[in-house]
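Please consider the structure shown below together with its sequence.

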Amino acid sequence: MTTSFTGPERHDHSEHQPEPGEVARGGHGSDLINLGDGHHEGGGQLLERFENPGLPEHVHRLGDDDPAAARRSERQVASLFAVSMVATLLFVISYIVVGKGAIVTLPLIGPTKALHVSLGVTLGISLLCIGLGAVHWAKTLMSDTEVVEERHTLRSPDEDREGTVQILTDAAESTQITRRPLIKYSLGGALGLFVVPLGLQLVGSLGPLPHDNLGVTLWDRKLNGKGRRLMRDPENTPIRLSDVTLGSVFHVLPEGIDDVQNPQDAKVKAAVLLVSMQESDIKNAKEASWGIQGVVAYSKICTHVGCPVGLYEHTTHHLLCPCHQSTFDMTNDCEVIFGPAKRRLPQLKISVNDAGYLVADQGFQEPVGPSFWERA
Ligand code: FES
């Protein structure tokens with residue numbers, strides 16, 4: 001047996017044979033409605049007496065018998081939904097007006113961002129009032145009569161299905177939503193408006209557009225009018241072409257990276273992998289010309305979602321990203337030969353300066369890292 005609440009019925013508690021859909025009582029206790037299984041004689045609902053499982057005596061509420069009290073409850077529910085609407089509007093206003101850097105000091109918490117506080121408080125009030133309004137509505141106006149419904153086979157017969165539609169219709173009537181437009185429209189307003197902050201959070205909090213942030217790295221900025229030298233990472237020492245033996249691999253950063261304003265950010269974008277191969281192994285003419293004697297340099301930032309591509313396979317000259325196994329062919333301008341990455345790794349054009357050190361001739365010619373919506 002399952003139990004649920006439904007129906008706005010008022011019932012005479014005197015002893016009599018119950019009719020279909022009417023309350024049956026187990027001697028004492030609350031009003032109970034048997035909805036039947038729809039398979040009984042005549043296709044109607046069969047009402048049965050059953051033992052009271054111990055439910056307390058049903059107590060009629062003030063609003064059940066007093067229309068003035070019901071109207072008062074209606075106004076209270078609508079007021080809660082109205083407060084929710086106001087809080088939602090304040091959420092939107094806070095989102096637009098409160099500065100991201102503004103700080104407030106709260107007791108027990110200390111200094112914290114004013115934007116977070118205002119968004120949290122207004123959203124909390126908005127949700128709370130919708131919840132309180134719904135609970136108050138259920139407690140004071142919706143029917144609190146307990147019903148009992150028998151379980152039935154998975155596919156209900158047509159009579160039951162029609163009965164379900166009838167129950168839903170009755171339930172709609174039971175909540176009084178069809179008869180109380182004030183609640184209907186205020187609830188619709190509160191829930192409808194609540195979509196706005198969700199949308200704002202979704203669209204407005206995706207972070208700033210990358211613009212040319214990934215297109216410009218420290219390699220683009222000359223040092224004393226010259227291309228920056230390639231420095232070993234983490235030793236921070238320059239690399240001579242003669243140091244790069246066949247098959248060797250270097251993790252590289254631009255010279256002077258620790259002197260810039262945000263070194264960590266600069267390192268993330270400018271990280272490079274330097275590899276030495278037989279010049280004859282390189283199939284791509286542009287790759288060969290942008291390197292020197294089979295020594296080539298490529299961005300280490302995976303074009304899938306930006307993990308560092310650091311696994312170099314000497315015999316195949318494949319470069320592997322450990323995150324999702326994107327594989328780049330270093331003999332063919334790092335084209336993608338496997339995995340989810342869609343673009344080849346950007347190459348850094350290098351040469352040798354008068355002192356024999358490797359230097360970058362220019363920055364990357366395309367943004368490093370993952371694709372984003374401003375570029376395919
Ligand atoms: S980040 Fe490299 S394959 Fe996903």
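The account below moves from the whole chain to its annotated spans and then to individual residues.

The model is predicted. Its protein chain contains 7 helices and 17 strands. Of the 376 residues in the protein chain, 40% count as buried. The accessible surface of the protein chain amounts to about 20700 Å², and carbon and sulfur atoms make up 59% of that area.

An unreviewed UniProt entry supplies the annotation "transmembrane region" for residues 77-97, 117-138 and 185-204. In the model, residues 77-97 are 100% helix and 0% strand, with 30 Å between the end C-alpha atoms. Residues 117-138 are likewise 100% helix and 0% strand, and the end C-alpha atoms of this span are 31 Å apart. Within the numbering of that span falls C129, which is buried with a relative accessible area of 7%.

Attention now turns to the cysteines. A disulfide is a covalent bond between the sulfur atoms of two cysteines. How many disulfides does a search of the whole structure find? The search finds 1. This disulfide is formed by C307 and C323, whose sulfur atoms are 1.9 Å apart. The link of C307 and C323 is left-handed, with -90 degrees about the S-S bond. C307 sits in the loop between β10 (295-299) and β11 (311-313), while C323 sits in the loop between β12 (318-320) and β13 (327-329), so the pair ties together parts that are 16 residues apart in sequence. The two partners fall into separate accessibility classes: C307 is buried because its relative accessible area, 16%, is under 20%, whereas C323 counts as partly exposed at 35%. A further cysteine, C334, is buried with a relative accessible area of 0%.

Is Y357 buried or exposed? At 16% relative accessibility, Y357 counts as buried. Leaving aside residues up to four places away in sequence, Y357 touches R229, P238, I239, R240, S351 and V352. One of these, P238, is 119 residues from Y357 in sequence, yet their C-alpha atoms are 6.7 Å apart in space. With another, R240, there is a polar contact between the two side chains at 3.2 Å.

D233 and P234 are joined by a cis peptide bond, with omega of about 15 degrees. P234 belongs to the loop between β7 (230-232) and β8 (249-254). Two residues other than glycine have a positive phi: Q293, near 50 degrees, and H317, near 60 degrees. Q293 is found in the loop between α7 (285-290) and β10, and H317 in the loop between β11 and β12.

Conventions: Residues numbered from 1 in each chain as written. Predicted model: local features only at pLDDT ≥ 70, side-chain atom pairs only at ≥ 80, totals over all residues. Heavy atoms only, no water. UniProt positions renumbered as here; feature names shortened; annotations may be inferred. Helix = DSSP H or I, 4+ residues; strand = E, 2+ residues; numbered from the N terminus. Buried < 20%, exposed > 50% of the residue type's maximum accessible area, 1.4 Å probe, protein only. Contact = heavy atoms within 4.5 Å. Polar contact = N/O pair within 3.5 Å; in protein donor to acceptor, adjacent residues only side chain to side chain. Disulfide = S-S within 2.5 Å. Areas by Shrake-Rupley, 256 points an atom, 1.4 Å probe, with all protein chains shown as cover.
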